[in-house]
Amino acid sequence: MDAPDRPSRGADARFVRVVNADAYAVAGVRNEFAQWIRSHLALDEERVSDIVLAVNEALANSAEFAYVTLPEPGTVSIEAVHSPITASLVVVVSDNAEIPMRVDERFHERDRVLHRHLRTLLGRFVEFATTV
């Protein structure tokens with residue numbers, strides 16, 4: 001269930017969605033998230049694009065790889081919280097995929113490249129963690 005997207009003044013703004021982990025659903029959520037960012041944060045278009053790019057990469061990664069060994073895709077969720085009081089934005093993208101005991105090394109390398117690229121784009125504002 002979605003949390004309210006329009007909070008009262010001073011309260012945290014939340015964006016929550018759970019969708020099928022497929023390209024069509026992920027694209028729709030990316031577009032909704034971009035609109036939410038524009039309506040809740042006072043950022044220039046370049047910074048908005050950087051944030052949306054980072055979130056899109058995480059969503060696309062789930063859509064492409066999370067359920068690769070299963071016959072049907074599962075879901076991917078995104079939860080973003082903006083606190084005007086602390087001037088912070090936290091975004092969590094997650095899926096429920098089970099990672100096989102032996103994970104192909106190319107997936108790890110892709111994660112390292114992705115994290116390096118996103119850190120370059122977003123700099124000190126972003127911390128990355130991968131949980132397996």
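Here is a walk through the structure, from its overall layout to its core, its aromatic rings and its charged pairs.

This is a predicted model, so a few ground rules apply: local features need pLDDT of at least 70, side-chain atom pairs count only at pLDDT 80 or more, and totals for chains, interfaces and linings use all residues. Residues are numbered from 1 along each chain as its sequence is written, and side-chain values use heavy atoms, with hydrogens and water left out.

Let's start with the layout. The chain has 3 helices and 3 strands, and from the N terminus they run β-α-α-β-β-α. Helices (H or I, at least four residues) and strands (E, at least two) are DSSP runs, numbered from the N terminus. Of the 132 residues, 30% are buried; buried means under 20% relative accessible area, exposed over 50%, and partly exposed in between, with a 1.4 Å probe and protein chains only. The chain exposes about 8900 Å², with carbon and sulfur atoms supplying 54% of that. These areas come from the Shrake-Rupley method with a 1.4 Å probe, and for residues only the protein chains shown count as cover. As for contacts (heavy atoms within 4.5 Å), take those with a separation of 6 or more: residues 24 or more positions apart account for 57% of them.

Now for the inside. A nonpolar core here is a set of buried Ala, Val, Leu, Ile, Met, Phe, Trp, Tyr and Cys residues joined through side-chain atoms within 4.5 Å. The largest one has 22 residues, and those with the most contacts inside it are F15, F33, W36, I37, L59, V76 and I78. The elements that give two or more residues to this core are β1, α1, α2 and β2, and α1 brings the largest share, 7 residues. I78 is a handy spot to look around from: leaving aside neighbours within four places in sequence, I78 is in contact with F15, V16, R17, V29, F33, V55, L59, V91, V92 and V93.

S62 sits in helix α2 (residues 45-66) and counts as buried, at 6% relative accessibility. Again leaving aside neighbours within four places in sequence, S62 is in contact with A21, Y67, V76 and D95.

Next, the rings. A pair of aromatic rings is described by the distance of the centres and the angle of the planes. In this model, rings of Phe, Tyr and Trp (its six-membered ring) pair if their centres lie within 6.5 Å; planes under 30 degrees apart count as stacked, over 60 as edge-to-face and the rest as tilted. That gives 3 aromatic pairs. One of them joins F15 and W36, a tilted pair at 5.8 Å centre to centre with 45° between the planes. This pair links distant parts of the chain, with F15 in strand β1 and W36 in helix α1, 21 residues apart. F33 and W36 make a stacked pair, 6.0 Å centre to centre with 25° between the planes. Both of these residues lie in helix α1, 3 residues apart, or about one turn of the helix. F15, F33 and W36 form one aromatic cluster. F15 is buried, W36 is buried at 4% relative accessible area, and F33 is buried at 1%.

A salt bridge is a side-chain nitrogen of Lys or Arg within 4 Å of a carboxyl oxygen of Asp or Glu, and the count comes to 3. R14 and E79 meet in one of them, at 2.2 Å from N to O. R14 lies in strand β1 (residues 13-20) and E79 in strand β2 (residues 75-83), so this bridge ties together parts that are 65 residues apart in sequence. R14 is partly exposed at 31% relative accessibility, and E79 is partly exposed at 31% as well.

R17 pairs with E32, at 2.7 Å from N to O. This pair also links distant parts of the chain, with E32 in helix α1 (residues 23-40) and R17 in strand β1, 15 residues apart. R17 is buried at 11% relative accessible area, while E32 is partly exposed at 37%. Finally, E45 forms a salt bridge with R38, with the closest N and O atoms 2.5 Å apart. E45 is partly exposed at 43%, and R38 is partly exposed at 45%.
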